[in-house]
Amino acid sequence: MNIANKYIVDHNYLGRDQSDIFPLQLSFVCPFKNMDPRLSMQPKPVLYSEAYFHDQRWWRHPTDKGFNYYQYRLMRIMREQYAKGHIAIDPKLIRDQAAGNAKGQKDGKNLMRCIINEEVFDLTDYIAANGAPYVVVPDGMSNSSSFNRQFLDSNVITMFEENKGKDITDKWNAYFSRDLNMRNLHYQCLRGAFYVGKVDFRKSARCYAANYLLLAGSIALVSVIFFKFIAALQLGSRREPEPGDKFVLMNVPCYTEGEESLKNTIDSMAKTKYDDKRKLLFIVCDGMIMGSGNDRPTPRIVLDILGVDRDQDTEALSYIALGEGSKQHNMAKVYSGLYETSGHVVPYLVIVKCGTPQERTRPGNRGKRDSQIMLMHFFNKVHFDLPMTPLELEVYHQIKNVIGVTPSLYEYVLMIDADTVVLPDSLNRMIRTMLHDVKVMGLCGETRLANAKSSWITMMQVYEYFISHHLTKAFESLFGSVTCLPGCFCMYRMRSVDGRPLLISKEVINDYSENVVDTLHKKNLLHLGEDRYLTTLMLKHFPYFKNKFNAEAQCLTNAPDSWSVLMSQRRRWINSTVHNLFELVFLPQMCGFCCFSMRFVVFIDLISTVIMPATLVYLAYLVYQLTNPDSTTSYISLYLLAAIYGMQALIFILKRQWQHIGWMIVYLIAIPFFTFILPVYSFWHFDDFSWGNTRVVVGESGRKHVYTVDNEKFDTSTIPQRKWSDYEQELMWEAGTHSQQGGSDMGSRLGHVMSGRPGSA
C-alpha cells in the first residue's frame with residue numbers, strides 16, 4: 001500500500017474519484033454464462049505492473065470455482081475501515097444529465113442513468129462501446145475469444161435507453177417477475193459494476209414535509225417549555241391575606257397511619273390561621289384496621305388524639321357504600337366535639353366505618369373513594385333536601401345540633417391525607433384564591449417533602465416535586481386546567497356562587513361512584529388514581545370553570561424512603577396518569593388558545609409518559625454519538641436539552657431557592673431510575689391494582705389470602721331513608737320538646753327512631 005499511497009500523493013488524487021486505479025474483475029460481479037473474464041469497464045490499472053496480470057488472482061475463468069481473492073479482500077478492508085457513506089444524487093440532476101444540459105456537462109453527452117429501488121445506475125459507457133470498451137489481454141494469450149461481450153439482457157438496455165433519467169423500478173420488477181434468479185443476477189451486476197449512488201430525497205416533497213413537521217413539532221415543544229418557564233416565574237410577595245369568613249370542611253381520610261403522623265396532621269389543620277368556628281375537621285376512618293407498627297386500630301388512635309373517652313361509644317348506623325354485592329351495605333359510628341390545641345378550639349366530626357356484624361376481614365374497609373363519596377353524597381342531599389340514610393341523618397344532626405352550624409353553610413372542602421402537614425397560612429391563602437375568582441372550582445398548593453434528607457431515595461424526589469409544581473402545574477394553571485389536584489392537599493368548591501352544585505353535583509357523584517369496575521381502563525382510573533380521576537371528572541363536567549395552582553399555599557408530606565414503597569407508589573401514579581390523560585385527550589372542551597390548547601399539551605404529556613423508556617435510550621445514544629469523533633450528529637438536540645434544564649435551573653435561581661441546585665444534580669443522577677426503571681416496571685404491572693407496600697395492615701404481611709367473589713345481591717332499598725325535615729319533626733314530636741335538646745339525648749333518640757339496620761322503621 002506504500003506504492004499506492006505515494007502514487008496518490010504524487011498525482012494529487014486527494015479528494016478526487018479514484019475508482020479507475022483500483023482493479024475490478026467484471027466477471028466477478030457479473031458472473032453470466034459465457035462471460036469473458038478479460039472484459040473490463042475500466043482501463044488497465046496503472047498502479048500494477050504487467051507481471052500482475054499473469055497472476056491467477058487477477059482473473060478467473062467463469063467455470064472455475066475460484067474467485068478474485070485480492071479484489072474481495074481489498075474491497076472488504078476498504079468498506080470496513082474507510083467507508084463513510086453513499087454518494088447522494090439529486091433526481092433533478094439525473095434528469096438534466098439525461099437531457100445533456102446538466103451544469104458542468106460541457107460535451108452535452110446524454111448519460112444513460114436510471115433509478116432502480118432508489119439507487120442510481122449508469123450504463124453510458126456500456127451502451128456506447130457496444131459491449132465493453134476495454135479488454136485486458138495478459139501476455140501469452142490470444143486477443144480472439146469466443147466469449148460473449150454482450151452480457152446484459154437487451155431489454156435492460158432498452159429500458160435505460162427509453163427511460164433515461166427516470167425511475168424504472170416498476171418496469172424492472174415487471175420484466176423479471178417470472179425469473180427471480182435472472183433479476184438477482186442482473187441486479188448484482190449493476191450493483192457491482194454500474195452503481196453510481198443513491199437518490200437524494202432531501203429536496204423532495206416528502207422530506208420537506210417531514211422536516212417541516214419535525215420543525216413545527218420542535219417549535220411547539222420548545223414553546224410549551226418556554227411558556228411553562230414563564231408561568232413558573234410568577235414572582236410576588238407573600239403578603240398575609242385578610243382572614244376569610246367562609247365555612248370550610250377539612251376532610252381527612254385515614255387508613256393505617258400511625259399516631260405521630262395523625263397528630264401532626266390534625267394539629268396542623270387546627271392551627272391554621274383561620275376562624276376556628278368556621279372550620280370543621282371531618283375525619284373518616286376507613287375500617288377497623290390496625291396498621292403495621294401500631295398498637296391500636298386507626299380509629300382508636302384518632303379518637304385518643306381528639307380526647308374522646310374510651311368508654312364513650314355510639315351506635316353503628318347504616319349507609320350505602322361502594323362495593324360489590326353485600327359490600328354495598330356498610331355501617332359506621334359518628335363522634336363529634338371540640339379539639340383544643342395551642343389556643344385553638346376547633347369542632348370535629350369523626351366517622352368510623354366499622355362494617356356489618358357479618359364482616360370478619362377488614363371490617364368496614366371500602367377504600368378512600370368511598371370515604372370521599374360519603375362526604376359528597378351527604379352534601380348533595382343537603383343541597384337538594386333529599387332523603388338520607390341513618391348515618392347521614394346522624395351526621396346532619398351532629399353538625400347542626402352539636403357543633404351548631406347548618407351543614408348547608410359549608411362551601412369549601414379541603415382534602416388532606418393523614419400524613420400531610422398544612423402550613424399555618426395555607427388555608428387562608430386558598431380561600432382567598434377562591435374568593436378572588438368565582439370561576440375557580442378546584443385548587444392545589446405546593447407539596448414539599450418533610451423527610452427530604454432522610455435517605456438517598458427521598459433526596460431523589462425533592463427536585464421532582466418542586467419542578468412538577470412550579471413548572472407543570474404553574475403552566476396548567478395559566479389555562480385554568482390543572483389536570484391533577486393531589487389528594488394529599490387540594491381544595492374544591494362544593495357549589496358555585498349562584499348555587500350550582502360542583503363537587504357535589506349528581507353527574508360527578510354518579511361517575512365517581514361507579515360500582516362496576518370490570519375493565520383495565522376503569523380499574524386504573526378508580527382503583528389506583530381516584531384523586532386524579534376526580535380532577536378529570538371536574539374538568540369533564542364543568543369545562544367553563546377552572547382548576548388553579550397557588551404556589552403560596554404549602555404543605556409538607558413524607559415521601560417513600562424505601563425502594564419497595566416507592567416502586568409501589570409510582571406504579572400506581574404512572575399507570576393511572578396514562579389512563580387519566582387518555583380520558584382528558586377526548587374531552588370536547590378544554591381551555592387554551594391557538595395551538596396551545598390544553599388538549600394538545602395533554603396529548604404531549606400522554607406521549608411523553610408512554611415513551612419515557614425510549615427517551616432514555618435516545619439520550620444514551622445521543623451521548624454516544626457526541627463522544628464519537630467521527631459522528632455527524634447535530635448538536636441541536638443537545639442544545640434543546642441544555643435549554644430545558646437551563647430554564648428549570650433559572651426558575652429556582654430567580655425564586656432564590658438555591659438549595660434546589662444540589663437537588664437537581666441528585667435528580668439528574670437518578671434519571672435512569674425515573675425515566676426507565678420505574679416506567680418499565682409500571683407498564684409491566686399494568687394489570688396490578690393492589691396498593692402494594694404503601695399501606696401494610698397487621699396480619700396481611702407474609703400471608704396469602706383467598707378472597708371469594710361476593711355474588712350476593714344487595715337491595716339498597718332495605719336501608720331506610722328520610723328527609724331531614726321530616727325526621728326532625730318526628731323526633732321533636734316523640735321527645736315532646738323543642739329542638740333545643742342536648743346532643744347526647746338527641747343522639748340516643750336518633751338510635752331509637754331509626755336504628756340504621758336494613759328494614760327497621
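A residue counts as buried under 20% relative accessible area, as exposed over 50%, and as partly exposed in between, with a 1.4 Å probe and protein chains only. The model is predicted: local features need pLDDT of at least 70, side-chain atom pairs count only at pLDDT 80 or more, and totals for chains, interfaces and linings use all residues. Residues are numbered from 1 along each chain as its sequence is written, and side-chain values use heavy atoms, with hydrogens and water left out.

Q: Why is Ser342 called exposed?
A: Its relative accessible area is 55%, and the cut-off for exposed is over 50%. Ser342 is therefore exposed.

Q: What makes Arg362 partly exposed?
A: Arg362 has a relative accessible area of 30%, so it belongs to the class in between.

Q: What makes the phi of Ser342 worth noting?
A: Most residues other than glycine have a negative phi. Phi of Ser342 is near 50°, a positive value, and the residue is not glycine. Ser342 lies in the loop between E10 and E11. Arg362, also not a glycine, has a positive phi of about 45°, and lies in the loop between E11 and helix H12 (368–384).

Q: How many helices and strands does the chain have?
A: There are 26 helices and 16 strands. Helices (H or I, at least four residues) and strands (E, at least two) are DSSP runs, numbered from the N terminus.

Q: How do you know that the length of helix H10 agrees with its number of residues?
A: The expected span is 1.5 Å times one less than the number of residues. For the twelve residues of H10 (residues 259–270) this should give 16 Å, and the end C-alpha atoms are 16 Å apart, so the two agree. Buried residues in H10 include Leu262, Ile266 and Met269.

Q: Why are strands E9 and E13 said to stand at the edges of the sheet?
A: Ten strands form an open sheet in the order E9-E10-E11-E8-E7-E12-E15-E14-E16-E13, with mixed pairing. E9 (317–320) and E13 (420–422) each have a single partner strand, so one side of each is left without a neighbour in the sheet.

Q: How do you know that E9 and E10 pair?
A: Two strands pair if DSSP finds at least two bridges between them. Four bridges join E9 to E10 (residues 329–341), and the two run antiparallel. Leu317 stands opposite Ala332 in E10.

Q: Which helix packs on the sheet and touches E9 and E10?
A: Helix H13 (residues 390–403) does, and among the other strands it touches is E11 (344–353). Contact means heavy atoms within 4.5 Å.

Q: Why is the pair of Phe475 and Phe479 called edge-to-face?
A: Rings of Phe, Tyr and Trp (its six-membered ring) pair if their centres lie within 6.5 Å; planes under 30 degrees apart count as stacked, over 60 as edge-to-face and the rest as tilted. The centres of these two rings are 5.1 Å apart and their planes are at 75°, so the pair is edge-to-face.

Q: Are Phe475 and Phe479 buried or exposed?
A: Phe475, at 1% relative accessibility, counts as buried. Phe479, at 9%, counts as buried too.

Q: What makes Arg191 a charge over a ring?
A: The rule asks for NZ of Lys or CZ of Arg within 6 Å of the ring centre and within 35 degrees of the ring normal. The charged end of Arg191 sits over the ring of Tyr195, 3.9 Å from its centre. Lys439 lies over the face of Phe545, at 4.7 Å from the ring centre.

Methods: Axes fitted to C-alpha atoms, helices over the stretch in contact; angles between N-to-C directions.
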